[in-house]
Amino acid sequence: MKPSEALTIAWEAILKNKVRSFLTMLGIIIGVSAVIIMVAISAGTEATISEQITSLGSNLVFIQGAMTRGGPGQVPQGGLVYDDAGAVETGVDGVTAVVVEQNSSETVKYGDVTLDDVEILGTTVGFPSVRDMEISDGRYFNEQENERKSKVAVLGYSLAQGLFGDTNPIGQYIKVGNTKLAVIGVFKEKGLVGNTDFDSRLYLPIQVVFQKFTPSMFARFMGDSVRMIYVEVDPEANLDNIITQIELLLVKRHDVTLDTADFSVTTQQDIIATQESTTAAFRSLLAWVAGVSLIVGGIGIMNIMLVSVTERTREIGIRQSIGATPNDIRLQFLTEALLLSIIGGVIGVLVGVGGAYIFGSLSDMRTVISISSIVLAFGSSAIVGAFFGYYPANQASKLDPIEALRYE
Amino acid sequence: MSVSHTIIKTVDITKVYGMGDISVSALRGINIQIQQGEFVAIMGPSGSGKSTLMHILGCLSQPTSGQYFLDGVDVSHLNKVQLAAVRNQKIGFIFQAYNLLARTTALQNVTLPLLYNRVSPGTKEEGLEKARTMLELVGLGTRMNHQPHELSGGQQQRVAIARALVNNPVMVIADEPTGNLDTRSGTEIMNLLHQLHERGTTIVMVTHDSKTAIHTQRTINLIDGMVDNITHNGMHFSRPAEEAQHEAL
């Protein structure tokens, strides 16, 4: 029997049992579309996250303070201090801007509204440009206000909403802990970036934070401790070189070695890479889950093909009596299983692509349909068909013609 | 047909089912010859081994011992694939239950053996033409595109006969061809077999019905797995089957 004839016979057999054929294919359809939709969702999430990371500002180097291990009774040595930032800005080539951050949290009051545990971010004038934040109302504080410890505040979008509602916050006074501050600006909505909610925070000149919210008895000797220093570098500059310069400078300033450093230097790239490996793991998990449903679909095909072989025992006997060899019979049933899974695969691709598109446009989640997931899902549906179709086809080919002809 | 040519020759064919203590001998040394162009009946009561013999003659199974020469070739030791080819090339089957593929037109049923023909595959068009010729030969020229359930039993059997002939076999094996038919349709089918016989087709018919068997040239009577006697053309039986069975007991 020629393959083309096997194909014709298989196609006719599928058409003769449309409902059953469709139900058989359903497992494959669901499996293939699940692979495509799930990969599309995770790829979409991944794309969103990496865009958000980029929107933190490009060409950033992060210097993070780390507590050194002090013995019992010893004073904990806080890694980074405010003056480190100035030293980096002036002492390292290729640095275009430096922003310092120190956090705290306080109760914030305006009129009747009291918000507990509001995150306070003390920072410097470079913050909006380096962290890619825009002011929507009023203005950001300037260098003088920071140096003079002026009692001014800039609100995140949702914080402003929470405190003031429809009232214009500019020029109003809020009470942060025991300190009264004047609102001079509100940021535009930024959303969640990674785990950080930029909109719910209160932004203050870092000197105000040092004085009022994180007073340290050691500041007199060591300088004011800060959590993080953001260093914006020249895009043309050699990043590795800049990192080395920063490390050498800080090691010298802190009187430590690189092994005992009380700070760490990371880049945007490091964070993206970490994020990507997390989402890639997430994506492959989803793909495996979807792959399992493909295998379940394949078992469905095997099940139906076994039933079909039993049901068509007499047909097999007739074909054998007129000269079909075991190979002819095997080819016929294998072709049928393959054709079922390939048609199921094609429908699954259409459903998957359509589903991912509709899902992406109806929900907040973004979907990115990847060609590789289509190829993978479709290819594995064909392999599943061949794999699970072989056993029933082989059973059919082994039937004894006399027994098969007697079968009622 | 200038020189008569032996189509079937069996030498001491036996068939044993099962093994050891529970084995049953279905055939116990069958020696028969059938010439080209003959119309022969194989008759016997149930349990006589006629079905077993038919399966061996039809290359659907193989003898336990002995030799079977079909068209001059020893086929008693061929493998499954070779047997399938022999069935396809040299044998046409007509079954009691017609055994047509359901939901498949008469024309497609008749072309089926051509699908498995490796020796002279021919084109699809040639095959359809051949099948049409065969259906016209059996008088179904107007029903080619009907499916089995749209045809009467007699018509279905005609389709089966056309299918049996489409690969130009050296012989046709008919297993109770009129067993499922009413008398009128049965007579029509027998007349059709006679016509084919007159055109030179070798026909071996298996039956338990002596009224059907007398339409043939020769009847080979089987009892208990052995040839009991052979009666000739048009003659009535020296020993009817029932009587022979009683004697055997």
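Hi everyone, let's start with one pair of residues: R218(B) stands opposite H232(B), which lies in strand β11(B). Before going on, this is a predicted model, where local features need pLDDT of at least 70 and side-chain atom pairs count only at pLDDT 80 or more, while totals for chains, interfaces and linings use all residues. Residues are numbered from 1 along each chain as its sequence is written, with chains lettered from A and ligands numbered from 1 in the order in which they are written.

Back to our pair. Strand β10 (residues 218-223) of chain B runs antiparallel to β11(B), and six bridges join them. Strands here are DSSP E runs of at least two residues, helices are H or I runs of at least four, and both are numbered from the N terminus. Two strands pair if DSSP finds at least two bridges between them. In chain B, six strands make an open, mixed sheet, ordered β7-β8-β9-β4-β10-β11. Its edges are β7 (91-94) and β11 (226-232), each pairing on one side only.

Now to chain A. How do helices α10 and α13 of chain A cross? The axes of α10 (residues 268-311) and α13 (residues 371-397) come within 9 Å and cross at roughly 25°. Axes are lines fitted to C-alpha atoms, for helices over the stretch in contact, and angles run from 0 to 180 degrees between N-to-C directions. So α10(A) is roughly parallel to α13(A), a word kept for angles under 35 degrees.

Finally, the two chains meet: 16 residues from chain A and 18 residues from chain B take part in the contact, which requires C-beta atoms, placed from the backbone, within 7 Å. On chain A's side, α11(A) gives the most, with four residues.

How values were computed:
Parallel < 35°, antiparallel > 145°, perpendicular 65-115°, else oblique.
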